[in-house]
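Open the model in your viewer and keep the selection tool handy. We will go from stop to stop, selecting a few residues each time and looking at what is there.

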Amino acid sequence: MVEGIAKISWQDPQTDETKELVLMEGASLEIGRSQDNEIYIPERHVSRKHAIIRFEHGVFVIEDLGSANGVFVNDERITTPYPLLAGDVIRLFKPIINFAAVQSQHEVEVADRTGTLMRPRTSRGKAVVLITAGPQEGMEIPLLQDSVVFGRATNNASWDIKLQDHAVSRPHAQIHLTNDIWSLMDLGSSNGTLVNGVPIAIRQDTPLKDGSVIVMGETTMLFKEM
């Protein structure tokens, strides 16, 4: 039996059609104005990559991806990952998204048949980092090597990914793959590195999961397993 534990519904601003997704445990989904988001909202107040909903510590949480107009839950703007409860109303400045519990197995079966059932992504050791906010917003960085170092863009920079961000150190952090698990390590940066809103320890591995949000300086990034 396929199990779903939550559902998301919203209204398409162009067609007024109500859309719905059923979420399985472990699923993650992106929200934004770009068509490659699972929740695609073509509305001018919505950023290209506005927010992400992911499964964390047994609950779904929503996190702002550095959007221009913010994320509100029950009309309060969130600044850190926010755990969602059935009945919560998410607002992206104007557009409204409703978070609810799944009421019956029939809802899950219908979602499975119609392609609206969100399953966890399966890790195959391949991943990509998307810059969702900052000077290089929209940049996509495939992780093609087992170790990738991020740092500030300078004339003599030797690191793999050069960020045009004065708040990023030279170098700043490293993402690396060991035994099919991606991890992030701060390399002693001046301003620190956040994962899902929490500062990580210097020179210690912090495991990354699909949907992890990374902040280096003024740059926000989304880690996605492929």
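Begin with an open sheet: 5 strands in the order 16-15-17-18-21, with mixed pairing. Because strand 16 (161-163) and strand 21 (206-207) stand at the edges with a single partner strand each, one side of each has no neighbour in the sheet. Two strands count as paired if DSSP finds at least two bridges between them. Strands (E, at least two residues) and helices (H or I, at least four) are DSSP runs, numbered from the N terminus.

Before moving on, note that this is a predicted model: local features need pLDDT of at least 70, side-chain atom pairs count only at pLDDT 80 or more, and totals for chains, interfaces and linings use all residues. Residues are numbered from 1 along each chain as its sequence is written, and side-chain values use heavy atoms, with hydrogens and water left out.

Now select residues 147-152, which are strand 15; 3 bridges join strand 15 to strand 16, and the two run parallel. Which residue of strand 16 is the bridge partner of glycine 151? Lysine 162 is.

Next, look at the loop between strand 16 and strand 17 (173-178), where you will find proline 171. The peptide bond leading from arginine 170 to proline 171 is cis, with omega near -10°.

Go on to aspartate 180, in the loop between strand 17 and strand 18. Aspartate 180 is not a glycine, yet its phi is positive, about 65°. Is aspartate 180 buried or exposed? Its relative accessibility is 55%, so aspartate 180 counts as exposed. Here buried means under 20% relative accessible area, exposed over 50%, and partly exposed in between (1.4 Å probe, protein chains only).

Time for some rings. Rings of Phe, Tyr and Trp (its six-membered ring) pair if their centres lie within 6.5 Å; planes under 30 degrees apart count as stacked, over 60 as edge-to-face and the rest as tilted. By this rule there are 3 aromatic pairs. Select phenylalanine 60 and phenylalanine 99: their ring centres are 6.3 Å apart and the planes are at 65°, so this pair is edge-to-face. The two come from distant parts of the chain, 39 residues apart, with phenylalanine 60 in strand 6 (residues 59-64) and phenylalanine 99 in strand 11 (residues 96-101). Phenylalanine 60 is buried, at 4% relative accessible area, and phenylalanine 99 is buried too, at 6%.

For another edge-to-face pair, select tryptophan 182 and phenylalanine 223, with ring centres 6.4 Å apart and planes at 65°. This pair also links distant parts of the chain: tryptophan 182 is in strand 18 (residues 181-186) and phenylalanine 223 in strand 23 (residues 219-225), 41 residues apart. Both tryptophan 182 and phenylalanine 223 are buried.

Last stop: helix 1 (residues 105-114), whose buried residues are Glu107, Val108 and Ala111. They cover an arc of only 100° around the axis, which puts them on the same side of helix 1; the arc is that of the directions from the helix axis to the C-beta atoms. Turn to the face away from that buried side and you will see the exposed residues His106 and Arg113. The buried residues pack against strand 1 (6-11), strand 2 (18-23) and strand 12 (117-118), where contact means heavy atoms within 4.5 Å. Finish at glycine 115, which follows helix 1 and has a positive phi, near 75°.
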